[in-house]
Amino acid sequence: MLHGEDGIDSSGETEELKLVRLADVLFAARMEKLLNEWRSGLLHGGNASSEFPRISNGSNQSMETVFHHMRPALSLKGFTSHQLRVLNSVLRKHFGDLVYIHSNDKSSSSRDFVVYTDSDSDKENLMKEAKDERKRLAERKIQSAIGFRQVIDLLASEKKLIVGHNCFLDIAHVYSKFVGPLPSTAEKFVASINSHFPYIVDTKILLNVNPMLHQRMKKSSTSLSSAFSSLCPQIEFSSRSSDSFLQQRVNIDVEIDNVRCSNWNAGGKHEAGYDAFMTGCIFAQACNHLGFDFKQHSQLDDFAQNEKLEKYINRLYLSWTRGDIIDLRTGHSNADNWRVSKFKYENIVLIWNFPRKLKARGIKECICKAFGSASVTSVYHVDDSAVFVLFKNSELVWDFLALKRQLESSDGPVSVLHPLSKILEGGNTGAADYEAYKEICSSHVSEVMFSDQAETVGVKSRTRPNAQCETETREENTVTVTHKASDLIDAFLANRVEVETATSN
């Protein structure tokens with residue numbers, strides 16, 4: 001059932017309102033008298049005046065005869081939502097041919113009416129019209145709230161070529177905001193992405209894979225700002241170059257406030273609009289050097305189907321530091337170690353709720369002071385509240401968890417001066433093996449920070465597994481890694497956003 005604003009049912013099908021307060025009883029009696037006079041004037045040719053007097057002294061409430069959807073009606077002004085409920089109750093009880101309607105006009109301002117209907121079928125038609133009007137209003141509100149979603153839907157429906165620079169995470173963000181929750185495996189993710197956006201080109205891959213462009217970029221980074229400076233100096237610095245490579249550039253004009261210019265710097269790198277501008281300029285220059293003739297519009301009709309770009313389309317970096325490139329059409333990666341992880345999950349310890357001043361490098365230094373300089377391979381941030389510690393072997397995992405528990409149970413000077421005391425400061429630091437990570441992440445609830453997620457799931461600042469009976473349970477507590485878990489951790493480690501990474505030399 002659709003309801004009008006303020007809880008008033010515009011269909012006239014509300015439950016009977018019981019009048020308890022004396023003010024409501026008197027108001028209902030007055031409304032019955034006024035409505036009866038107005039109705040009699042319509043039916044018997046009496047005086048159905050265009051405007052009733054105000055309801056009471058000092059009140060702004062008034063009724064005015066108007067037409068609503070070609071029917072005689074009273075326009076109600078100045079009534080509270082409770083008074084409208086009382087009035088609606090009066091109509092239902094005493095007037096079968098009068099209907100209360102709450103309406104919104106094109107400017108979305110609400111109005112209230114008592115409408116006269118001359119038959120049951122006319123009443124049904126009026127209620128249908130009111131329902132359709134509310135539906136149209138709801139659809140307008142939805143359309144006005146959709147915003148950028150319309151752009152995403154249009155790009156998907158038109159199968160346009162999507163251009164980005166090192167854009168795996170950008171595509172993941174677009175997916176999570178406009179398509180749905182991120183799938184649990186990389187294969188499911190790329191299959192779904194390919195169905196929505198079948199043509200994606202990453203300019204970072206273009207610059208690294210194409211021999212000519214790679215040769216051009218070999219002396220500089222292929223980061224967005226560096227590539228823009230190298231390929232488009234005439235735009236960034238308004239300069240002309242004698243470099244023959246740059247002389248074959250595409251002229252790019254930008255229109256700003258109805259003024260066209262050949263250079264523009266609205267801000268700097270990492271500002272979304274300017275990053276998109278730089279990416280487009282890089283793509284245009286790269287296409288020019290691939291042999292696109294921008295004077296022949298027939299070549300530009302469908303970039304996505306052009307054979308000059310075919311080998312670069314639908315390939316994204318999973319991890320550009322390791323050179324892992326995934327094909328969005330097949331879900332396959334060119335990295336031999338992508339499916340078979342080089343990380344041993346039984347060597348991983350998850351630490352969370354440590355002092356926020358500590359970063360990955362500091363955590364590694366503390367652990368290495370206790371267990372030796374070669375004990376830790378890497379430390380990766382999950383977020384500011386949690387890290388993965390990759391130990392050299394699984395024995396060190398058990399030794400670390402046992403030592404942590406021992407230090408937490410002792411208040412002596414040794415525990416205070418111990419290298420791990422910086423990590424355990426505050427008494428809330430949690431540590432666990434990879435199994436606990438899977439348990440925490442598998443919960444249906446989701447918190448922003450990992451430490452909050454762990455507490456919500458119930459894995460608080462305790463050490464897991466329990467160091468007691470360590471020798472007997474070590475074998476049975478060894479982590480059995482499934483393909484799904486392997487994909488999850490690989491995807492995280494390959495595409496992590498590092499607050500700070502400490503890696504052994």
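## Exercises on a predicted model

S3 and strand S4 (residues 110-116) pair in the antiparallel sense over seven bridges.

**Exercise 1.** Work out which strands stand at the edges of the four-stranded sheet, and say why one side of each is left without a neighbour.

*Solution.* 
- Start with the order: the open sheet runs S1-S2-S4-S3, with antiparallel pairing.
- Now look at the ends. Strand S1 (62-68) and strand S3 (98-104) each have a single partner strand, so one side of each has no neighbour in the sheet.
- For a residue-level check, take Val99: its bridge partner in S4 is Val115.
- Finally, place the helix. H2 (residues 81-94) lies across S1, strand S2 (71-77), S3 and S4, and runs at about 145 degrees to S3.

**Exercise 2.** Find the residues that form a nonpolar patch on the surface with Leu26, then decide whether Leu26 counts as buried or exposed.

*Solution.* 
- The patch is made of Leu19, Leu22, Val25 and Leu26, and together they have about 360 Å² of accessible area.
- Leu26 sits in helix H1 (residues 22-44).
- Its relative accessibility is 52%, and the cut-off for exposed is over 50%, so Leu26 counts as exposed.

**Exercise 3.** Take the salt bridges Lys33 to Glu37 and Asp97 to Arg39, and say what parts of the chain the Asp97 pair ties together.

*Solution.* 
- Lys33 and Glu37 come within 2.7 Å, N to O. Being four residues apart in helix H1, Lys33 and Glu37 are separated by about one helical turn.
- In the Asp97 and Arg39 pair, the closest N and O atoms are 3.0 Å apart. Asp97 lies in the loop between H2 and S3 and Arg39 in helix H1, so this pair ties together parts 58 residues apart in sequence.

**Exercise 4.** Locate Lys357 and Glu425, and say how many residues apart in sequence the parts they tie together are.

*Solution.* 
- First the contact: the two side chains, Lys357 and Glu425, meet in a salt bridge at 3.6 Å, N to O.
- Lys357 is in the loop between strand S11 (348-352) and helix H13 (360-371), and Glu425 in the loop between helix H16 (421-424) and strand S14 (430-433), so the parts tied together are 68 residues apart in sequence.
- As for exposure, Lys357 is exposed at 62% relative accessible area, and Glu425 is partly exposed at 44%.

Methods. Residues are numbered from 1 along each chain as its sequence is written. This is a predicted model: local features need pLDDT of at least 70, side-chain atom pairs count only at pLDDT 80 or more; totals for chains, interfaces and linings use all residues. Side-chain values use heavy atoms; hydrogens and water are left out. Two strands pair if DSSP finds at least two bridges between them. Helices (H or I, at least four residues) and strands (E, at least two) are DSSP runs, numbered from the N terminus. Contact means heavy atoms within 4.5 Å. Axes are lines fitted to C-alpha atoms, for helices over the stretch in contact, and angles run from 0 to 180 degrees between N-to-C directions. Patches are made of residues with over 30% relative accessible area and no salt bridge: like charges are joined within 9 Å, nonpolar side chains (Val, Leu, Ile, Met, Phe, Trp, Tyr) within 5 Å. Accessible areas come from the Shrake-Rupley method with a 1.4 Å probe; for residues, only the protein chains shown count as cover. A salt bridge is a side-chain nitrogen of Lys or Arg within 4 Å of a carboxyl oxygen of Asp or Glu. Buried means under 20% relative accessible area, exposed over 50%, partly exposed in between (1.4 Å probe, protein chains only).
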